[in-house]
Amino acid sequence: MNHFFDINTEFFTILAYSMSYIEFFGVLFGLLAVWLSAKANIWSWPTGIVNVILAFILYYQVQLYPDMFLQAFFFVTNLIGWWRWANPRPGEADSKQELKVSYMKREQLLLTIVIGIAGTFILGKFASNLHHWFPVVFALPSAYPYVDSFIMVMSIVTTFYMIQKKIECWVIWIVVDIVATCLYFIKGVKFYSVEYFIFTLIASFGLWHWVKEYKSYTLSGNKQPTVV
């Protein structure tokens, strides 16, 4: 018997596309979480927790295993991010008594590139063999393991930067969202593809909004946060 969490349980049909409950509500909570993040709103984190639970179940059903594992990571980091934004260190608080936005160091940018290349290769190789090593759990081979792994690795990296409210996290999200838009369209979860296209637009807004907020610290007479 089909149920809410089954991707084959139809919620409604739009333009001949069968929309499942889990895909629809996963996208809904995902969009809301990213929009709140772009606005530097702390409620993005608990909203994101609901999104990652639904996404974890969906990705398993469409054999995007690295993306599935990524949701477990996101669950933990949503809790960490929620706490970090709500508990800034002395001198880090903005007018809302939350963590201020700041820029990354050059060394962090170089490290991001190295981790992205190495991590994608290592994780892609691992994902390619999951159905050989654990056939009981992963009956089908991973779909597009290296592309999927790139999304996972860079999402992990940029999530850490988002927890620290680093402005460049939005640049990385834009790249990840464009790749994910194409991948999910190819895999047939087209509403998720549309979601990530919208994520790209929201990430662009988030970049603009965080830069604007950073500049406002000087305009308001507050000392800008130290880049760490």
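**View 1. Arg84, a buried residue of helix 3.** Arg84 has a relative accessible area of 5% and therefore counts as buried, where buried means under 20% relative accessible area, exposed over 50% and partly exposed in between (1.4 Å probe, protein chains only). Arg84 belongs to helix 3; helices here are DSSP runs (H or I, at least four residues), numbered from the N terminus. The side chains of Arg84 and Gln164 are joined by a polar contact of 3.2 Å. A polar contact is a pair of N or O atoms within 3.5 Å; within protein, one must be able to donate a hydrogen and the other to accept it, and residues adjacent in sequence count only if both atoms are side-chain atoms.

The model in all views is predicted: local features need pLDDT of at least 70, side-chain atom pairs count only at pLDDT 80 or more, and totals for chains, interfaces and linings use all residues. Residues are numbered from 1 along each chain as its sequence is written, and side-chain values use heavy atoms, with hydrogens and water left out.

**View 2. Asn78, also placed in helix 3.** Asn78 counts as buried because its relative accessibility is 8%. A polar atom of the Asn78 side chain lies 2.6 Å from the backbone oxygen of Phe74. Leaving aside neighbours within four places in sequence, Asn78 is in contact (heavy atoms within 4.5 Å) with Ser44, Trp45, Gly48, Ile49 and Val52. Thr159 is 81 residues away from Asn78 along the chain, yet their C-alpha atoms are separated by 8.9 Å.

**View 3. Helix 1 against helix 2.** The two helices, helix 1 and helix 2, pack at an angle of about 145°, and their axes are 8 Å apart. Axes are lines fitted to C-alpha atoms, for helices over the stretch in contact, and angles run from 0 to 180 degrees between N-to-C directions. Residues of helix 1 that meet helix 2 include Phe25, Phe29 and Leu36; on the helix 2 side, Val50, Leu54 and Leu58 are among them. Ala40 sits in the loop between helix 1 and helix 2. Its phi is positive, near 55°, in a residue other than glycine. Ala40 is buried, because its relative accessible area is 0%.

View 4. Helix 7 (residues 169-187) has 19 residues and reaches 26 Å from its first C-alpha to its last, close to the expected 27 Å; the expected span is 1.5 Å times one less than the number of residues. Its buried residues include Trp170, Trp173 and Tyr184. These three are also among the residues with the most contacts inside the largest nonpolar core, which has 55 residues. Among the elements that give two or more residues to this core are helix 6 (145-163), helix 7 and helix 8 (190-219). A nonpolar core is a set of buried Ala, Val, Leu, Ile, Met, Phe, Trp, Tyr and Cys residues joined through side-chain atoms within 4.5 Å. Beyond four places in sequence, the contacts of Tyr184 include Tyr59, Ile151 and Tyr192. Gly188 follows helix 7 and has a positive phi, near 90°.

View 5. Thr158 lies in helix 6 and counts as buried because its relative accessibility is 0%. Not counting residues up to four places away in sequence, Thr158 touches Cys169, Ile172 and Trp173. Lys165 is in the loop between helix 6 and helix 7. Lys165 has a phi near 55°, a positive value in a residue other than glycine. With 0% relative accessibility, Lys165 counts as buried.
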